[in-house]
Structure formats: structure tokens, C-alpha cells
Amino acid sequence: MTPALLHRLILAVADEVIAHADELTELDQAVGDGDHGINMKRGFEAVRADAGTTAEKPLPDALKAIGTQLVMKVGGASGPLYGTLFMALGKAIAPDASNLSDAFASAVEAVKSRGKSQPGQKTMLDVLAPVQLALAEGGPDLPDRLPVVAVAAADATIPMLATRGRASFLGERSIGHMDPGARSSALIVASLCRALEGSSIG
Amino acid sequence: MANVGIVIVSHSPKIAEGAADMVRQMVGDSVNLAYTGGDPGGGLGTGVASIREAIDRAWSEAGVAILVDLGGAETNSEMAVEMLDEERRDRVVVCNAPIVEGAVMAATEASGGSSLETVRRTAEELSPQ
């Protein structure tokens with residue numbers, strides 16, 4: 001991956017999260033403490049500010065740097081969770097991203113362990129797990145298919161009962177709202193894929 | 001042998017400070033005590049960087065017990081512990097206990113010179129099994 005492409009990807013993801021901060025906050029106000037948008041915005045503004053330097057690094061180091069920024073800047077439970085996702089991905093991925101599927105699988109495992117959570121509990125894992133399955137299936141249409149999978153998976157959290165995270169305090173009242181972490185995960189995956197269109201990952 | 005140190009991590013700086021006041025009233029200066037609350041932007045929440053600093057302030061060779069309130073306080077505290085140097089990492093525990101009662105109980109136990117494990121167990125006796 002060239003520094004120019006990596007730079008483009010970082011900006012695409014950061015801009016998408018920042019642009020949807022209000023929406024994430026509204027979702028979190030419905031089922032949580034209402035800070036997801038502002039927290040993610042703060043984290044990705046820090047990532048965006050460092051994008052130039054980060055993009056010069058080999059892919060594993062760049063991902064670890066992004067993860068560290070998110071851990072230190074986001075706050076909430078999302079900081080350690082997204083930080084862990086990027087740091088674990090950086091730890092497992094090959095510099096040419098040839099093992100993306102396996103590396104992403106180990107990053108999702110790291111998020112499960114950090115959050116003591118499993119898919120089905122109305123969290124970001126309900127997007128990350130189906131995305132990981134689609135990645136493992138592979139195929140030439142992945143960049144088109146992954147955003148569809150991610151957005152559908154976030155939508156599928158609406159009827160779910162939250163059993164982990166702040167939304168679980170609401171019990172049955174968590175039903176009928178999209179999980180904010182699932183939404184932010186879908187935004188990240190979809191913006192990454194759109195920015196990748198027309199360029200090979202390797 | 002030094003006493004176990006206590007760290008209080010709340011989403012609210014006021015709760016963290018108030019819980020620390022209650023600990024001080026009980027144990028005076030016999031245990032190292034630090035508290036932190038608020039996210040990196042100054043709102044309600046918790047952050048890894050400030051928790052790491054609190055662990056440093058409360059550091060004791062006997063270890064440090066952390067008391068937390070809600071979800072993110074626990075997740076951020078666990079992350080902060082993992083980011084410590086290897087020789088310190090195994091001497092810091094996050095207690096599964098109510099923050100105010102847990103902090104006072106843990107500090108009282110620590111003030112008698114108990115081990116980190118005993119301090120943690122005393123705090124966790126307050127949690128429903």
C-alpha cells in the first residue's frame with residue numbers, strides 16, 4: 001500500500017466519522033449517555049491531524065498509531081474498543097495486507113475480549129462479526145459487498161435487546177433503536193471500502 | 001512494607017473527588033490515594049491517559065487497587081493497566097465493587113497492611129454474587 005493511498009483511506013474514514021458525529025450522538029442519546037458522536041469526533045480529529053505522518057509508516061505501524069490515538073483521545077468505552085480493534089489489526093496484519101481476513105478476525109477477537117462481549121448483544125460486534133465473515137468468504141466484489149453487509153448489520157441491531165454496554169440498563173426499552181457503536185462501525189467499513197474502489201488493497 | 005494504593009475512577013470528577021474525601025476521612029494518609037474523573041474533552045467520562053497518571057500518583061510497591069463506576073471506567077482502566085510496564089502490570093487490579101463503598105472498604109483493608117489480593121477481595125465482598 002502506498003503512502004498516498006493510505007493517506008486517502010485515513011482521511012476518508014476520519015471525515016466520514018466526523019461528518020456523522022451528530023447522528024451518532026442522537027443514537028446514543030436514545031439508548032446511552034449521548035457522548036458517542038463527540039467522543040468519536042475528538043478521536044478521529046486527532047487521527048486526521050496525524051494522517052500525513054501516519055501514512056508514511058508501514059501499514060502495521062500506521063494501524064497501531066491510529067489505535068493508540070483512539071485509545072488516548074476518544075474516551076468512553078469506545079476509545080479502548082476501537083483502539084483495540086486498530087492496534088490488534090496492526091499487530092496481526094502483513095505489511096502488504098495480504099492476510100487482511102485473518103488479521104481482521106484476530107482484531108475482532110481482541111474487541112470481544114476487551115469488551116467481554118459476543119455478537120448478539122447489540123454492540124459494534126454485531127457489525128464487525130458479519131463483516132469479518134464476508135471478508136473470509138472473499139470474492140472480487142468485496143469492496144461493493146462489504147458496505148452493504150455493514151449497513152444491513154447495523155440496521156439489524158434495531159430490534160435487538162441490549163445485554164452489554166450502557167444500553168443494557170434500559171432493558172426492553174433498548175429495542176427499537178440502532179446501536180450507536182454498530183452505526184459507527186458500519187460508517188468506518190463503508191467509507192473505507194468506498195475510498196478503496198478502483199485501487200487494489202495490495 | 002508499603003500499603004496497597006487506591007485509585008478511584010468515575011465518569012464524574014465530583015464523584016471521584018467526593019469518594020476520595022470519604023476514603024481520606026477513614027484512613028488519613030496511611031494509603032496512597034488518587035482519583036480521576038472526566039473524559040479527554042472535559043465532559044463526563046473517563047480516559048486512559050488520566051487513569052495512567054492516577055495509577056502513577058497512587059503507586060505503591062504493594063500494588064494498586066482501582067475502583068470504577070460504569071462500563072467505560074472499567075474498560076479504560078483495564079486498558080490503562082495493560083499499557084503499564086510489565087513489572088507494574090501484575091500489581092494493579094480493577095475491583096468489581098461499588099465505587100464509593102468499595103473505595104472506603106478497600107482503603108480500610110489496605111491501611112492495615114493487607115495484600116493486594118485481600119484488598120480486592122474485601123472490596124468485592126460488596127458485589128452481589
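**Reading a predicted two-chain model**

Q: What percentage of the 129 residues of chain B count as buried?
A: A residue is buried if 20 or more other C-beta atoms, placed from the backbone, lie within 10 Å of its own. In chain B, 53% of the 129 residues count as buried. This is a predicted model, in which local features need pLDDT of at least 70, side-chain atom pairs count only at pLDDT 80 or more, and totals for chains, interfaces and linings use all residues. Residues are numbered from 1 along each chain as its sequence is written, and chains are lettered from A in the order in which they are written.

Q: Why does the radius of gyration of chain B agree with a compact globule?
A: The radius is taken over C-alpha atoms, and the globule rule is 2.2 Å times the number of residues to the power 0.38. For 129 residues the rule gives a value near 14 Å, and chain B has 13 Å, which agrees. Its C-alpha trace spans about 40 × 30 × 30 Å along the principal axes.

Q: How do helix α2 (residues 21-31) of chain A and α3(A) pack?
A: Two packed helices are described by the angle between their axes and the distance between the axes. Here the angle is about 145° and the axes are 6 Å apart; axes are lines fitted to C-alpha atoms over the stretch in contact, and angles run from 0 to 180 degrees between N-to-C directions. Helices are DSSP runs of H or I, at least four residues.

Q: How many residues of chain A are in contact with chain B?
A: Contact requires C-beta atoms, placed from the backbone, within 7 Å. By this criterion, 17 residues of chain A meet 14 residues of chain B. Elements giving two or more residues to the chain A side include α3 (36-49) and α5 (59-73).

Technical notes:
Two residues are in contact if their C-beta atoms, placed from the backbone, lie within 7 Å. A residue is buried if 20 or more other C-beta atoms lie within 10 Å of its own, exposed if 12 or fewer, and partly exposed in between; C-beta atoms are placed from the backbone.
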